[in-house]
Amino acid sequence: MLSIGQPQIKLLEKLCNAMSVSGDEGEVRRIVLEEVKPYADEVKVDALGSVLVHKKSVGRKSLRVLFDAHMDEVGFMIVHDDDEGFFQFETVGGIDARHLIGKQVIVGKNHVVGVIGAKPIHLTTAEERKNTSEVDALRIDLGPEGKANAGDRATFATKFKRVGPSIMAKAIDDRIGVATLIELLKNAPKNIELCLSFSVQEEIGLRGAKVAGYYFDPDLAIAVDSTPARDLPDFDGHENFTYNTKLGLGPAIYMANSSTVDDPRLVKFLEETAIKNKIPYQFRQPGGGGTNAGAIQQSRAGVPVVSVSVPHRYTHSPISVSRVEDWKNTLNLLHTALKQIDPSLVKSKL
Amino acid sequence: MSDILPFLKSIISVAGLSGHETPVANLIEQKWTPLVDELSRSKLGSIHGLKKGSPTAGIRFTDKSPRPSVLIATHMDAIGLMVSRIVDGFIYVTNIGSVDARVLPGTPVVVHASGSEEDLYGVIAMPPANLLPDDQGNGTIPLKYLMVDTGLTPNEVSKRVRIGDRVSFNTEPVEMSGGCVSGHTLDNRASVAALTICLEELQAKSHVWDVWALASVQEEVTFGGAFTSTFQLRPTIAVAVDMTFGKGTGSSDYQTFPIGKGVTLGIGPSIHPFLYKRFKEVAERIEIPVANELMPEHSFTDADAMQLAAEGLPTMVLSIPQRYMHTPVELVSMKDIQPAGRLLAEFIASLEADFIEKIVWG
């Protein structure tokens, strides 16, 4: 079994603290390139900026398996300089505006720290406080002499923390997937043609994976992402039946979401692998949300796909929470499945 | 000019919620001890620093006509949260002082867990819509539905955290352009820094009046520190130094003031007009820009309490503009804190022995 030790945690910390807003993924791309080059047979940065990695198998007629994880995160783009250090911004990707007021952000390549403030409680009416401001009304404040340019990206200033059994960081979605792919490459089983897509622009429409799927033309593909755990108490004490996933129960295997219905053979194979190897797992409650599997499934003449996620709480917010143990079990489920997969699986009856 | 920034950053990096001010009080006490002649703590925990008046030629103070004293009050307590119940490892909280629920989701906090050697790191969680009443819509989620997640298992949480444990903001201080600093609890630790500058300036100045430096407790909840310390110390006059509203996002009317452009002098029933006049004269003489801050009924500072201590006394309010008050990203300019400290020192030095006798109401 592979373990998550200091080197893996350090890598995840570096990845989470980097700024990589959809369309401007350079910081994470540079980390990924540095990590994968010593282990890959081919490394390519495609036209959109995704990092595409190939590791050859030893035998012939090996299964060609694509793993995808997205490098981008939700964030902001500066759209107007209001002068005196105030900047108007737009959100990039799905951000709930209720997470914005009172937060520190980092802006531009130099990670200049700014804050998003609001009219103080003393000057607002109770009625005004019932509604958080629309993004249009908010500004990033860089201080009276602060400088930024329209087009600069920004994101939450959160710094990665290891807390008990958990990690707290921004952009766990999907840096934990990126780190998982890097570990899979470093420990690549020899029986597989391993293809890795570190994709761009997932948060704004699964764009990078669409063309990466075409490029690799794989026999099957697995999207490794991070999915919300809504395992909080219900306000009135009723049991929470709509949790999506729960922290601590292991990798979340998908059966269906709004981007795809996962290939039942792959779902069954992953479940059997988990049971046989005593790896904890859970099924993500079928429903909304999407992963890059949806884009890859429809590339060329079609690709059997499945998604597997490490659960996290507080999606697209300044601080998400995941369990290290869930990450370890996700990595091991995928690694074990790779080693044990029979090439005839994707030719078997649906 | 002393560099007060490291001290300011240190006192906004520790807790000190109203009624539980000890962590910050210890740092302030350490800083003030060499700057005053006597230092003590009140029954409620406020810090009293006494800087005695300089020797005076030709004036004899007696028990019947004692040396007058000026009290400068800066509250050191912070708004925050307190654990109200724990469900499945999630910690529900209530507010200490006026906390704005709009700023809470996604905010880093520290849980001062009574069953743990170390404070616990946490984040304030906004539950998803399916776990909230139907009428919550897209509006602000009220505090009663928010909870703190420490990343620990439910078992660990129930071992360490108890109802009544305090929860503080944990946003790290950050230096920004234009000499600005942002972080939590700059209200009112920025004023503590200004008073510290004042005490440093007074080391090389002659002043007839005794000076009481007060770091008061519980301003954000009841003004309890200011009421009780003023009664105990019986100063001749008292000045509250606090934050006022800075111009910024959503805030631009007459109640707001530009940051980095100087301090404000209060005008209203909490402010004695003669003290206002003296502050104004001193500010003009030493060329510190001041703006008038209109306070038609209350000042919402320690002055409101101090004015009513014992038989009552003349009070004054000096304020430093601050953006985003009571959020974890309050923002002030060092360009306002420095002159605030200097103005206080010059005001104190300007007080002649018979200043108070010269006050005549028309």
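## Packing of helices 6 and 8 in chain B

In this predicted model, helix 6 (residues 273-285) of chain B packs against helix 8 (residues 334-350) of chain B at an angle of about 115 degrees, and their axes lie 9 Å apart. Because angles of 65 to 115 degrees count as roughly perpendicular, helix 6 of chain B is described as roughly perpendicular to helix 8 of chain B. The crossing of helix 6 of chain B past helix 8 of chain B is right-handed.

On the side of helix 6 of chain B, the contact involves B:Arg278, B:Phe279, B:Val282 and B:Ala283; these meet B:Leu343, B:Glu346, B:Phe347 and B:Ser350 of helix 8 of chain B. By class, the residues of this contact between helix 6 and helix 8 of chain B comprise five nonpolar, one polar and two charged.

## Domains of chain B

The domain assignment of chain B gives domain 1 as 5-78 + 184-350 and domain 2 as 80-169. Taken over C-alpha atoms, the centres of domain 1 and domain 2 of chain B are separated by 33 Å.

Contact between these domains of chain B involves 12 residues of domain 1 and 13 residues of domain 2. The side of domain 1 of chain B that touches domain 2 of chain B has five nonpolar, six polar and one charged residues.

## Domains of chain A

Chain A is divided into domain 1 (6-73 + 170-347) and domain 2 (75-156). The centres of domain 1 and domain 2 of chain A, taken over C-alpha atoms, are 31 Å apart.

In chain A, 11 residues of domain 1 are in contact with 13 residues of domain 2. The side of domain 1 of chain A that touches domain 2 of chain A divides into four nonpolar, three polar and four charged residues.

Notes
Residues numbered from 1 in each chain as written. Chains lettered and ligands numbered in written order. Predicted model: local features only at pLDDT ≥ 70, side-chain atom pairs only at ≥ 80, totals over all residues. Axes fitted to C-alpha atoms, helices over the stretch in contact; angles between N-to-C directions. Helix = DSSP H or I, 4+ residues; strand = E, 2+ residues; numbered from the N terminus. Parallel < 35°, antiparallel > 145°, perpendicular 65-115°, else oblique. Left-handed = near helix turned anticlockwise from the far one by under 90°. Contact = placed C-beta atoms within 7 Å. Nonpolar A, V, L, I, M, F, W, Y, C, P; charged D, E, K, R; others polar. Domains from an automatic or database assignment.
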